Amino acid sequence: MIAQRLKEFEKLLAGTSCRLVAVSKTKPIPDLMEAYSAGQRLFGENKVQEMCEKQPAMPPDIEWHLIGHLQTNKVKYIVPFVALIQSVDSWRLLEEINKRASKVNRIINCLLQIHIAQEETKFGLDEKGLEELLQNPLLPTLSNIRILGLMGMATNTNDQQQIRKEFRYLRHLFDSYAKNLHTPNVLFQELSMGMSNDYKIAIEEGSTLIRIGSAIFGSR
Ligand SMILES: *Cc1c(COP(=O)(O)O)cnc(C)c1O
């Protein structure tokens, strides 16, 4: 079942520059192994502890993406192995990632999470917060981080026009910064948007990373 669903995503993404992150949160190792055996290498988890438990139980060539809110006191647990932190939403967090990454001699790839949904509860920077972070004069000194782009979650709604409007807004922010980068550790290459319910719209609006959980592994 998992392999079959992955094959369908593979067909959908063939010839595009969009990649699939298999969101395996709450799912057991045998489910992850089934996806791995079908060729999947990008996995997303939203909790530090769960990702730290699964990582050593899985093959070493997996790219682990953290997609959930990250507290500064937990950064140290993931820096030894994480491939991409998609949920950076503050300067303080970025500084902590840089500090911990330098201790293990790694450069950690990050996305800045932008709040695009109408719901109040979702984490992320607003446009002003993004601007301030990217203009911070100390940003070029954070030599153990690399900002690769933006991540966002659309409103959980059936209103397709609303979802499209939110993804378009994120794409617009991404494009406007991508043209105007002056800092060597900031390279806008990845735009992470789209989940099980809205990935088709996200791909149409220029996503480079879709984060799919239930449409691969079943409901949680
Ligand atoms: C859970 C989660 C997903 C995947 O959600 P599905 O609807 O199951 O595809 C994607 N992104 C984030 C940030 C998540 O927390």
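Which residues are around the ligand? In this predicted model, they are V23, K25, I67, M153, M195, S196, R211, I212, G213, S214 and R220. By class, this shell divides into 5 nonpolar, 3 polar and 3 charged residues.

K25 places a polar side-chain atom 2.8 Å from an oxygen atom of the ligand. R211 also uses its side chain: a polar atom there lies 2.9 Å from a ligand nitrogen atom. G213 takes part through its backbone. One of its polar backbone atoms is 2.8 Å from an oxygen atom of the ligand. How much of the ligand's accessible area does the protein cover? On its own, the ligand has 390 Å² of accessible area, and the protein covers 91% of that.

The largest nonpolar core has 62 residues. Within it, L94, I97, L134, I147 and L150 touch the most other members. Helix α7, residues 160-178, supplies the largest share of this core, with 6 residues. Another core lies apart from it and has 7 residues, including L84, L111, L148 and M151.

Beyond its neighbours within four places in sequence, L134 is in contact with L112, L139, I147, Y177, V186 and F188. One of these partners, I147, is also among the residues that touch the most other core members.

Next comes helix α7 itself, where F174 is placed. Is F174 buried or exposed? F174 counts as buried, because its relative accessibility is 7%, and the cut-off for buried is under 20%. Setting aside residues up to four places away in sequence, F174 touches G149, L150, F188, Q189, E190 and L191.

Follow the chain on from α7. T183 sits in the loop between α7 and β7, the latter spanning 186-192. Why does T183 count as buried? Its relative accessibility is 16%, and buried means under 20%. Leaving out neighbours within four places in sequence, T183 is in contact with L139 and P140.

Technical notes
Residues are numbered from 1 along each chain as its sequence is written. This is a predicted model: local features need pLDDT of at least 70, side-chain atom pairs count only at pLDDT 80 or more; totals for chains, interfaces and linings use all residues. Side-chain values use heavy atoms; hydrogens and water are left out. A nonpolar core is a set of buried Ala, Val, Leu, Ile, Met, Phe, Trp, Tyr and Cys residues joined through side-chain atoms within 4.5 Å. Buried means under 20% relative accessible area, exposed over 50%, partly exposed in between (1.4 Å probe, protein chains only). Helices (H or I, at least four residues) and strands (E, at least two) are DSSP runs, numbered from the N terminus. Contact means heavy atoms within 4.5 Å. A residue is near a molecule or strand if one of its heavy atoms lies within 4 Å of it. A polar contact is a pair of N or O atoms within 3.5 Å; within protein, one must be able to donate a hydrogen and the other to accept it, and residues adjacent in sequence count only if both atoms are side-chain atoms. Accessible areas come from the Shrake-Rupley method with a 1.4 Å probe; for residues, only the protein chains shown count as cover. Ala, Val, Leu, Ile, Met, Phe, Trp, Tyr, Cys and Pro count as nonpolar, Asp, Glu, Lys and Arg as charged, and the others, Gly among them, as polar.
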